[in-house]
Amino acid sequence: MPIDESSRIKNSRRREVLRVIAALPLLALPLSALAQQFPTTKVNTTKLAVTDGEVTVGQLHSATGTMAISETGSIQAERLAIDQINATGGVLGRKIKIIQEDGASDWPTFAEKAKKLLVNDRVAAVFGCWTSASRKAVLPVFEKENGMLYYPTFYEGLEQSKNVIYTGQEATQQIIAGLDWIAKQKNAKTFFLIGSDYIWPRTSNKIARKHIENVLKGKVVGEEYYPLGTTQFGSLINKIKLQKPDVVYAIVVGGSNVAFYKQLKAAGVTSDKQTLLTISVTEDEMLGIGGENVEGFYAAMKYFQALDNPNNKKFVEAFKAKYGEKSVIGDVTQAAYLGPWLWKAAVEKAGSFDIDKIAAASPGIELKIAPEGYVKIHDNHHLWSKTRIGVAQKDGQFKVVYESGLIEPNPFPKGYQ
Amino acid sequence: MSWFSEFGAILAMQGFNGLSVFCVLLLMALGLAIIFGQMGVINMAHGEFLTIGAYTTYLFSSLTTSYAPAFAPYYFFFAIAGAFLIAFCVGYLVEWGLIRHLYRRPLDTLLATWGLSLVMQQAFRSTFGAKEVSATLPDWLMGSVKPSESIDIPINGLFVMGLTVILTGMLALLLYRSQWGLRVRATTQNRIMSGAVGINTRRVDRITFALGCGIAGIAGAAFTTIGSTGPTSGSLYIVDTFLTVVLGGAASLAGTIASAFTIAQTQATAEFFMHGSMAKVLTLSAVVLILMMRPQGLFSIKVRR
Amino acid sequence: MKTIYRNVLGGKAGTLDVLVLAAILFAVFPFALDPFRLSLLGKYLCYAFVAVGLVLCWGYGGILSLGQGVFFGLGGYCMAMYLKLEASDPVSTKIQSTPGIPDFMDWNQITSLPWFWEPFKSLPLTVIAVLLVPALLAFIIGVAMFKRRVKDVYFSIVTQAIALILSVLIIGQQGMTGGVNGITDLKTLHGWDIRSDSAKYILYYASGVLLIAGILFGRFLIASKVGKLLLAMRDKEERVRFSGYDVANFKVFVFVVAALFAAVGGALFTLQVGFMSPSFVGIVPSIEMVIFAAVGGRMSLIGAVYGTLLVNFGKTYFSETFPSLWLYFMGGLFILVVMLFPNGIAGLMDSHVRPWLARRRGARLRNAETPADAPPVDSSLPGTATVRSPSPLAPGEGASTPRVQPAH
Amino acid sequence: MAKAELALAVEGLTVSFDGFKAVDDLNLYVDQNELRVVIGPNGAGKTTLLDLICGRTRASAGSVKFKDKELTRMPEHQIVRAGVGRKFQTPSIYENLTVFENLEVSFPRGRTVFGAMTFRRSSEVIERVHRVAEEIYLEDRLENAAELLSHGQKQWLEIGMLLMQEPELMMLDEPVAGMSVTERQKTAELLNRIAVGRSMIVIEHDMEFVENIAHKVTVLHQGKLLAEGSMEAVQANPKVIEVYLGH
């Protein structure tokens with residue numbers, strides 16, 4: 001069956017509108033009461049798009065281009081969160097209105113649209129970006145125009161800004177716990193590092209190498225990078241076979257991902273013969289790769305759809321109700337879902353929509369309803385979070401086999417650079 | 001087991017890998033090559049015809065899993081046929097609606113087909129969603145053959161190879177042994193004369209273009225075994241495809257084969273000795289240099305112009 | 001003086017067109033648009049440089065380069081390197097393990113500035129590099145390819161391969177180039193804050209002035225014998241060769257000129273947008289830039305500017321208004337323009353708008369409308385007086401083999 | 001061995017395309033101020049011979065000496081600048097330029113990029129263009145686009161473009177193809193007029209026309225020299241008759 005995202009979104013939007021209309025008389029009273037308690041002149045001193053009944057936020061992802069594959073999940077999750085917030089009374093008694101812009105997988109377009117959202121639309125917050133490159137492109141805009149960005153992707157770290165809340169994990173959080181576990185579990189001494197050729201895999205592998213060599217006292221027997229979009233991995237696979245590493249550590253992304261795992265399987269490198277740990281395959285990527293092709297490989301990240309806790313059950317249920325039974329939720333999708341909730345919490349804590357106040361109020365904010373469990377914003381605007389290890393299953397899901405304690409975010413790790 | 005026999009095994013597998021890259025390149029370039037040979041133009045939407053093939057396979061796969069699970073091991077062959085048919089028909093329409101108006105302006109065709117590729121990508125996105133999909137491949141396709149303890153020969157690689165050999169053979173027969181092939185070659189060499197001796201050159205063009213697209217569809221179906229299926233998957237292959245075809249030259253099928261072989265061997269060898277990115281740079285530079293030496297591609301016919 | 005008037009400005013009609021463009025750029029837009037839209041416009045003007053260069057190289061010279069992004073990117077990178085060094089003074093980078101070098105180098109454990117960054121500490125050297133580096137590369141490519149008579153599709157694909165090589169290299173050498181993220185967070189040019197609104201206005205005007213200067217230079221070239229030779233070469237290369245010209249030299253020249261245009265555009269782009277990334281070097285932006293020229297009219301320097309503005313405004317507008325449909329619009333537009341209006345807006349102006357205006361004015365300039373795809377009703381028909389068609393935008397051309405004459 | 005009075009000395013010239021020898025060990029000597037006509041059946045190698053002389057095709061072996069310069073190693077534009085002009089079989093003119101511009105572009109000055117940029121339409125140029133245009137019967141068409149000329153006029157224009165270069169050796173490939181009888185007549189007059197003071201090699205099929213202009217005739221067959229001499233001698237040559245009528 002063809003899956004039409006847009007029409008589904010449209011349908012659900014229509015439903016949501018109906019629901020809101022139906023709920024209006026009910027909500028009218030408490031809403032306005034709350035809004036009166038926080039008059040617009042008080043909560044909005046910097047001319048943001050906040051009225052007595054409404055607050056406008058921006059959503060900035062790639063709906064088109066090569067990155068649309070990855071960013072669609074984030075768009076959906078953020079919308080879900082905003083709907084839920086609206087259904088429970090909005091933020092400071094104000095309904096959230098979304099302006100969605102398409103970054104079109106093109107970094108200057110991201111910068112352009114970010115500026116539009118901040119300067120023309122005066123949005124109170126922006127949920128968006130996926131790749132590091134797009135974030136780097138918009139960052140100066142956010143800092144100059146003083147906006148607030150909620151950035152959902154796990155990324156390489158080495159960044160910290162007053163104007164960004166990083167809801168995904170930075171590299172050390174994701175990498176170190178995973179390596180520790182696999183080294184202990186498999187008694188691994190030799191590692192083969194593979195990545196797509198850009199900043200996140202390279203930085204991550206650098207951290208991994210330091211950790212392997214200095215802490216685990218293991219050995220890195222190979223480190224390889226392939227351009228994004230590579231479709232032929234035969235030579236690489238032969239090198240892996242030649243080296244016979246205890247663990248293959250893979251950070252291949254994008255369309256290359258599928259080619260890499262399919263060819264790996266076809267070459268007989270399967271989980272019964274080779275341990276593989278990845279930090280770049282979520283349930284989203286599994287859709288394209290096919291569960292049967294990665295069965296038994298390990299992934300390290302903070303969230304899996306299969307996480308067994310009440311928050312997650314509710315979240316998965318709501319997500320499927322909105323976007324269809326077949327939809328899957330990956331790590332970044334969940335992190336994107338946190339964005340609007342964290343913003344709401346910050347606004348309520350600050351009692352204001354002003355960016356400066358939100359930025360100041362954010363550290364220390366806890367989110368107990370997070371599907372991944374409990375998260376808390378660190379002083380460095382990253383999240384405290386746990387790291388899990390999942391084993392890929394044939395049906396495209398992961399089985400969670402390990403869970404770390406809360407890990408402190410450390411975007412500028414000393415000794416790992 | 002000695003290190004040497006192991007090294008030998010790697011060597012054997014690496015050799016197979018080179019061949020396999022060669023076949024992939026050839027397969028994706030084949031359809032474009034006959035279009036390039038016929039019109040002297042690069043169809044920038046070629047990658048999207050590959051994608052058509054991939055999505056067709058996905059559709060067949062979904063239908064099979066939903067309605068006839070028992071049929072799963074065999075559906076792939078029907079998917080390939082389906083991919084050919086659909087891509088052929090789309091190609092036929094595209095030629096009729098677009099290409100035929102531009103025969104006298106080859107470089108413009110290049111631009112127009114790029115516009116077409118944008119439209120097709122968005123069409124895929126609207127129909128199948130922005131996320132990648134995965135056709136469930138028959139189990140027999142995804143294993144490997146083990147001629148010895150340490151050698152694994154991927155079956156999907158073998159399959160792509162076999163398909164490439166068969167397709168290339170059929171195409172060669174069609175071009176050089178059939179009545180139709182004669183017409184195609186006549187039209188390529190002298191359009192006006194061919195028209196004068198009663199060849200319907202319009203028809204020849206249209207069928208050739210559609211055939212090239214159909215072959216791209218087959219290639220796309222075959223590539224679901226080694227690659228991804230998404231709205232922009234086809235674009236992963238296009239640059240390699242262009243280079244293969246252009247390096248081969250417009251003159252003959254043999255040029256394309258030689259060119260695919262050259263690029264594949266350069267790439268496979270380079271990748272084994274250096275990082276993938278540098279290997280890519282080296283391969284591309286080699287192609288540019290060869291083109292400098294042979295401005296009309298590897299196999300250009302020397303004739304009195 | 002008179003020659004300059006005729007050859008550079010293009011006579012009365014040509015002068016009028018330049019004045020109209022200048023009026024739109026300098027008088028209408030800055031007042032009609034808010035600062036945000038205007039800064040977008042400034043960005044588009046940078047692309048327009050590339051498109052104008054392509055008119056010379058592709059429209060006149062018949063050399064379709066699908067790698068102009070390479071030169072745009074190189075120009076932009078040269079400028080970005082200077083700005084980055086300025087932004088990386090030891091004070092603002094004191095948290096780094098090696099203060100005083102760009103942040104991405106520090107992340108990649110590079111402890112001293114690579115040698116090729118050194119010249120970019122100086123503004124004059126940077127300005128020279130902005131022009132010299134792309135020109136040199138274009139020269140090398142040009143000599144290697146044109147002396148060997150690589151042409152048509154073969155040349156186009158070679159330029160595409162070069163674009164890919166360069167982008168893979170830049171991405172792969174992230175310690176020295178900033179990798180896929182590019183060089184970001186640029187702040188000041190020789191102490192002047194390029195992010196302020198006033199800077200945006202100044203840069204916008206500077207781009208406009210440079211662009212018009214570029215157009216005038218292009219007109220001078222076209223009006224000179226070089227322009228005629230380019231046209232002659234495009235259609236009958238052999239004949240030109242056997243008239244005693246070294247055809248390759250002319251091709252190299254026009255290719256280098258186009259590269260220079262692109263490089264200037266790239267450098268201005270970096271200044272206006274505040275970053276440079278390898279995504280401009282790749283294949284897709286390079287093709288898009290060709291499309292700008294095609295929409296504007298491949299034979300019209302001024303048309304290329306309008307084409308660039310139109311396509312980019314269209315892109316921005318459609319992607320804001322119909323996020324899921326805009327690719328259909330863009331793809332459709334390209335197909336339509338290439339199929340029906342091979343000479344783009346300028347061609348349309350000439351074949352439809354101008355005659356219509358002329359009729360409206362009751363002027364007796366022309367009394368029949370020229371059909372879009374018939375050979376133009378040209379003053380050079382046998383027996384008619386030989387008055388050049390009043391076509392400062394571009395000559396009216398047929399749809400099939402674009403028929404051309406120097407417009408200015 | 002090239003003597004001073006020879007304009008062109010072709011010796012042992014050979015070219016092969018994938019094993020097929022289009023021109024095979026050919027010797028040919030053209031005197032100063034001679035008008036030589038080369039004839040021969042289709043595929044005899046006539047056009048290839050001109051291609052070899054002017055550098056369009058590279059010889060596999062042999063030499064071409066023009067005024068003691070070896071042409072086989074020189075690039076085309078250098079050969080032209082040395083004084084060799086070449087007209088192609090199908091008229092090769094710049095359809096998009098006017099007749100005036102066609103001639104102007106062929107004026108042998110400003111041939112470098114910089115030279116072309118600073119080239120001015122001086123009175124000398126204008127005068128030359130008018131003189132040549134008059135010669136080729138096109139003086140009243142100067143401002144017309146070249147594409148509007150008739151086929152015969154295009155042939156003349158190309159000859160005129162050669163004249164602008166003032167070549168010492170002029171090579172014309174089938175200059176009267178597609179011309180009417182009067183046009184042929186006028187072309188013969190033109191050729192006889194411009195042949196004064198320079199050497200010419202003309203390829204032609206029309207025997208009447210050949211008779212009209214030729215000083216000496218060379219017959220090629222399968223890339224080799226079959227016969228050479230005056231028109232009558234060649235016409236009487238049994239080998240030539242065999243080749244033309246035999247098959």
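**A look through the four-chain model**

At 1.5 Å a residue, the 18 residues of α11(B) should span 26 Å, and the end C-alpha atoms of this helix do sit 26 Å apart, which agrees. The expected span here is 1.5 Å times one less than the number of residues in the helix. Helices (H or I, at least four residues) and strands (E, at least two) are DSSP runs, numbered from the N terminus. This is a predicted model, in which local features need pLDDT of at least 70 and side-chain atom pairs count only at pLDDT 80 or more, while totals for chains, interfaces and linings use all residues. Residues are numbered from 1 along each chain as its sequence is written, and chains are lettered from A and ligands numbered from 1 in the order in which they are written.

Staying with α11(B), its buried residues are G276(B), S277(B), A279(B), K280(B), V281(B), T283(B), L284(B), V287(B), V288(B) and L291(B). What do the buried residues of α11(B) pack against? They pack against β7 (219–226) and α8 (234–243) of chain A, α9 and α10 of chain B, and α7 (152–172) of chain C.

On to the chain pairs. Two residues are in contact if their C-beta atoms, placed from the backbone, lie within 7 Å. Of the five pairs of chains in contact, chains A and B share the most contacts. Here 43 residues of chain B meet 40 residues of chain A. On the chain B side, the elements giving two or more residues are α1 (3–39), α4 (106–128), β2 (151–154), α5 (155–177), α9 (234–248), α10 (253–273) and α11 (276–293). The biggest giver is α1(B), with seven residues. By class, this side of chain B has 15 nonpolar, 22 polar and six charged residues. For these classes, Ala, Val, Leu, Ile, Met, Phe, Trp, Tyr, Cys and Pro count as nonpolar, Asp, Glu, Lys and Arg as charged, and the others, Gly among them, as polar. Chains A and D, on the other hand, do not touch, and their nearest C-alpha atoms are 37 Å apart.

Within chain B, the axes of helix α3 (residues 75–97) and helix α8 (residues 201–223) come within 7 Å and cross at roughly 145°. Axes are lines fitted to C-alpha atoms, for helices over the stretch in contact, and angles run from 0 to 180 degrees between N-to-C directions. The contact of α3(B) with α8(B) involves 17 nonpolar, five polar and three charged residues.

Chain A holds an open sheet of five strands in the order β2-β1-β3-β4-β5, with parallel pairing. Two strands pair if DSSP finds at least two bridges between them. At the edges stand β2 (95–102) and β5 (164–166) of chain A, each with a single partner strand, so one side of each is left without a neighbour in the sheet. From one strand to the next, the twist averages 25°. Strand β1 (residues 54–61) of chain A is mostly covered, with seven of its eight residues buried. It pairs with β2(A) in the parallel sense over eight bridges, and V57(A) stands opposite I98(A) in β2(A). Strand β4 (residues 149–151) of chain A pairs with β5(A), also in the parallel sense, over three bridges; L149(A) has V164(A) as its bridge partner.

Elsewhere in chain A, G254(A) lies in the loop between β8 (247–251) and α9 (255–266). Is G254(A) buried or exposed? It is buried, with 25 other C-beta atoms within 10 Å. Leaving aside neighbours within four places in sequence, G254(A) is in contact with T66(A), S196(A), L228(A) and G229(A). Of these, S196(A) is 58 residues away in sequence, yet 8.7 Å away in space, C-alpha to C-alpha.

Chain C has 16 helices and two strands. Buried residues make up 59% of its 408 residues.

Chain D has an open sheet too, with four strands in the order β2-β1-β4-β5 and antiparallel pairing. Its edge strands are β2 (20–31) and β5 (69–70), each with a single partner strand, so one side of each is left without a neighbour in the sheet. Strand β1 (residues 6–17) of chain D and β2(D) pair over eight bridges, with L6(D) opposite D31(D). Helix α1 (residues 46–54) of chain D packs on the sheet, touching β1, β2 and β4 (61–66), and its direction makes about 70° with that of β2(D).

Notes: A residue is buried if 20 or more other C-beta atoms lie within 10 Å of its own, exposed if 12 or fewer, and partly exposed in between; C-beta atoms are placed from the backbone.
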